[in-house]
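Work through the exercises below with the sequence and the model open. Each task is followed by a solution in steps.

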Amino acid sequence: QMSSLLVDSKLKEYSAIQADIQKLFAQKQQTLSQFNENTLVKGELDLLKEEDIVYKLVGPVLMTVELQDSKDNVGKRLEFIEAEIKKLDTAIANKQGEQTKIGDEIASIQQSMQAEAAAAAKDLIAAK
């Protein structure tokens, strides 16, 4: 009885971690999309010449900005996004490690429950 309550508790923990992992993967997908978008922007900016005019949408208004400022901003944004991706990868790996550990604990508890049940059945048969 105690073992089955422990398994239930561990299964809830396992499911919660699974949900966390799914959220982290969704965040990573969104961050990768931002990374790809900014990489495309960087590529487009790299094609421009110094004398070309660059516009930035600020609210409803298009404003001119310096090409180098735009390149610097996109470069910084890409660095930030890369750091976010690394953080998410680390968080995902940590959660997956926790999940594996709990999965192993659940399997171990279930094995001991099966062994106890088998021993009880054997005792019952021997008693007859």
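Strands are DSSP runs of at least two residues marked E, numbered from the N terminus. The model used here is predicted.

**Exercise 1.** Describe the largest pocket by volume and lining.

*Solution.* 
- Step 1: The volume of the largest pocket is about 180 Å³.
- Step 2: Two or more lining residues are given by each of H1, E1 and H2.
- Step 3: H2 supplies the largest share, 5 residues.
- Step 4: By type, the lining has 6 nonpolar, 2 polar and 3 charged residues.
- Step 5: Val65 is one of the lining residues, which also include Val54, Lys56 and Ser70.

**Exercise 2.** Is Lys10 buried or exposed, and which residues does Lys10 contact?

*Solution.* 
- Step 1: Lys10 is found in helix H1, residues 2–47.
- Step 2: The cut-off for buried is under 20%. Lys10 has 17% relative accessibility and therefore counts as buried.
- Step 3: Beyond its neighbours within four places in sequence, Lys10 contacts Ile102, Glu105, Ile106 and Ile109.
- Step 4: With Glu105, the side chain of Lys10 makes a polar contact of 2.5 Å.
- Step 5: Ile102, Ile106 and Ile109 are among the buried residues of H2.

**Exercise 3.** Compare the span of each helix, H1 and H2, with the expected value, and state what covers their buried residues.

*Solution.* 
- Step 1: H2, residues 67–127, has 61 residues and reaches 89 Å from first C-alpha to last, close to the expected 90 Å.
- Step 2: The buried residues of H1 include Lys10, Ile17, Ile21 and Leu24; their cover includes E1 and H2.
- Step 3: For H2, the cover of the buried residues includes H1, strand E1 (54–58) and strand E2 (61–65).
- Step 4: An α-helix has 3.6 residues a turn, so residues three or four places apart point the same way. Val74, Leu78, Ile81 and Ile85 are among the buried residues of H2.

Terms used: Residues are numbered from 1 along each chain as its sequence is written. This is a predicted model: local features need pLDDT of at least 70, side-chain atom pairs count only at pLDDT 80 or more; totals for chains, interfaces and linings use all residues. Side-chain values use heavy atoms; hydrogens and water are left out. Helices (H or I, at least four residues) and strands (E, at least two) are DSSP runs, numbered from the N terminus. Buried means under 20% relative accessible area, exposed over 50%, partly exposed in between (1.4 Å probe, protein chains only). A polar contact is a pair of N or O atoms within 3.5 Å; within protein, one must be able to donate a hydrogen and the other to accept it, and residues adjacent in sequence count only if both atoms are side-chain atoms. Contact means heavy atoms within 4.5 Å. The expected span of a helix is 1.5 Å times one less than its number of residues. On a 1 Å grid over the protein atoms alone, a cavity is a set of points where a 1.4 Å probe fits but cannot get out, and a pocket is an open set with protein on both sides within 12 Å along at least five of seven lines; lining residues have an atom within 4 Å of a point. Grid points are joined across faces, edges and corners, and a volume is the space filled by probe spheres set on the points. Ala, Val, Leu, Ile, Met, Phe, Trp, Tyr, Cys and Pro count as nonpolar, Asp, Glu, Lys and Arg as charged, and the others, Gly among them, as polar.
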